Amino acid sequence: MNSLAKTTGGTTDLHVLRPGDPAYDDELAGFQTGFTQRPAIIAAASSTDDVIAAVRYAAHRNLPIGVQATGHGLPGASEGGVLITTKRMDGVHIDPQARTVRVQAGVRWSQVVAAAEPYGLAPLNGSAPGVGAVSYTLGGGLGILARKFGYAADHVRALDVVTADGRPRHVTRESDPELYWALLGGGHTFGVVTGLEIGLVPVRTLYGGSLAFDGREVDPAVVLRAYEEWTRSVPDGLTSSFATVPYPDIPALPPRLRGRYVVSVRVAHTGADGERLVAPLRGIGPVLADSLREMPYAESHTIHSDPDFPHTYYGDSAVLSELDMEKAAELLVRTGPDPVDDTMCVVQINHLGGALSRPAPNSVPYREGRFLVRLLAMGGRAEARRLLDPAFALLAPVTIGRALNFAFGAGDRTEGLYDAGTRERLAGLKSQYDPANLFRRNYGVSA
Ligand SMILES: Cc1cc2nc3c(=O)[nH]c(=O)nc-3n(C[C@H](O)[C@H](O)[C@H](O)COP(=O)(O)OP(=O)(O)OC[C@H]3O[C@@H](n4cnc5c(N)ncnc54)[C@H](O)[C@@H]3O)c2cc1C
């Protein structure tokens, strides 16, 4: 590999890859396989100095800058520019007394869960342990214990960021309240965050898992209606979601899932009354699988059992003021086992509220939302849009916005990611911190 130091006259040992270099494609490989990114330069960063060198190089030449940690949330295809890969920046440091963790830009949640567990602590990670901790948190971070503790962004103590001027900044709520506010919620568009200091929560075990039904035996709309009613009775600390997955009949899947249309309710609760609280759900209909149990936090990834292998997906979301059951039932028919164009579609509906509705000094919007509907289509982008657009249109009357973290492959669509006031404030700060819009390869705001 050659070094950017040579091209910039700088002093770092930053590894640089260009199209045609043998390691170029491997460096780009990530979880999302649906888009091609062909940067003119990949800056394979190992340190903050490397990131600074890469940002200054790009800024000098007015080149767009992208960032990639794990590739779970790529906004779309791109050509040219500089892509900073952060997977080598994988330091995790727990401070058990302060109950905090410091993570570098390339850290995945699985690393933090493992490092915090010996101290009886847990991070506010989401369903998939392979997701990058930094980008997840900058986009809000809707975790498995979200209704108990709020968004991951609400727990950030400090951020280290390299802004478009190539300057490293240590940002806290006290030192720079405006940039702190902007980064946590609108963060992909204000710089490269090289590290975060985040609060941990004292959780060693939880009650949770999933209760699955066969969607061909039990009407998914009946399950959803019962679920929605049940959410009205649960305490604020209980987090749950509803999902439908039409599994294809392919040998790669375990026999119990092959060809099945699985409807499930997923639960995570830190109180002692989990078993009692979920009891009404077991009466919805014949249960296909029941994994609800007391478990160590380290097993919490089994609640959702998200796929951990790279694949192609497109997705979007709608934050709802309420769940319109009639429209939701229609949506389930459209996305069910026989969808438009045979495009496989996963539906997830998260119960919001609880600690998620508490105000926080950051730009994570739509705290008044009651439910979040997430649709994920497997296959080509055009087919995905043919399925997703009419499905979201059904929900339009009760939709208040979209969630940044669940826009997959919709990088060209930014409307609805923020309410008007938040967008305006973000745009003002964007023109201050990135007037040339170098960080435009994401779902962010422009100046
Ligand atoms: C299977 C799966 C499960 C998920 N579950 C959840 C969940 O439970 N809750 C939730 O909230 N979200 C969830 N997400 C969404 C996830 O949080 C976002 O897609 C997030 O952006 C992924 O970050 P990454 O680093 O893993 O991915 P990447 O694709 O590497 O990064 C995504 C984008 O973030 C930006 N970015 C990355 N690193 C930096 C950085 N250091 N500084 C500035 N910008 C940066 C870049 O614009 C990049 O394109 C899930 C996604 C998937 C695919």
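Which residue takes a positive phi in the hairpin of β8 and β9? In this predicted model, that residue is Arg99, with phi near 55°, and the hairpin has four residues between its strands. The two strands, β8 at residues 92-95 and β9 at residues 100-104, run antiparallel to each other and pair over four bridges. One of the residues to look at here is Asp95, whose bridge partner in β9 is Thr100.

Strand β9 also pairs with β12 (residues 192-199), again in the antiparallel sense, this time over five bridges. Here Gln104 sits opposite Gly195 of β12.

Next comes the nonpolar packing. The largest nonpolar core holds 71 residues, and Val103 and Leu159 are the ones that touch the most other members. Helix α7, covering residues 177-186, is the top contributor to this core, with six residues. Once neighbours within four places in sequence are set aside, Val103 is in contact with Thr194, Gly195, Leu196 and Ile198, and also with Gly91, Val112, Ala133 and Val134. A separate core of 44 residues lies apart from that one, and its members include Phe35, Leu74, Leu224 and Val263.

Finally, there is Ala289, found in strand β16 (residues 287-290). Beyond its neighbours within four places in sequence, Ala289 is in contact with Ser210, Leu211 and Ala212. As for Leu376, it is 87 residues from Ala289 in sequence, with 23 Å between the two C-alpha atoms.

Terms used
Residues are numbered from 1 along each chain as its sequence is written. This is a predicted model: local features need pLDDT of at least 70, side-chain atom pairs count only at pLDDT 80 or more; totals for chains, interfaces and linings use all residues. Side-chain values use heavy atoms; hydrogens and water are left out. Two strands pair if DSSP finds at least two bridges between them. Contact means heavy atoms within 4.5 Å. A nonpolar core is a set of buried Ala, Val, Leu, Ile, Met, Phe, Trp, Tyr and Cys residues joined through side-chain atoms within 4.5 Å. Buried means under 20% relative accessible area, exposed over 50%, partly exposed in between (1.4 Å probe, protein chains only).
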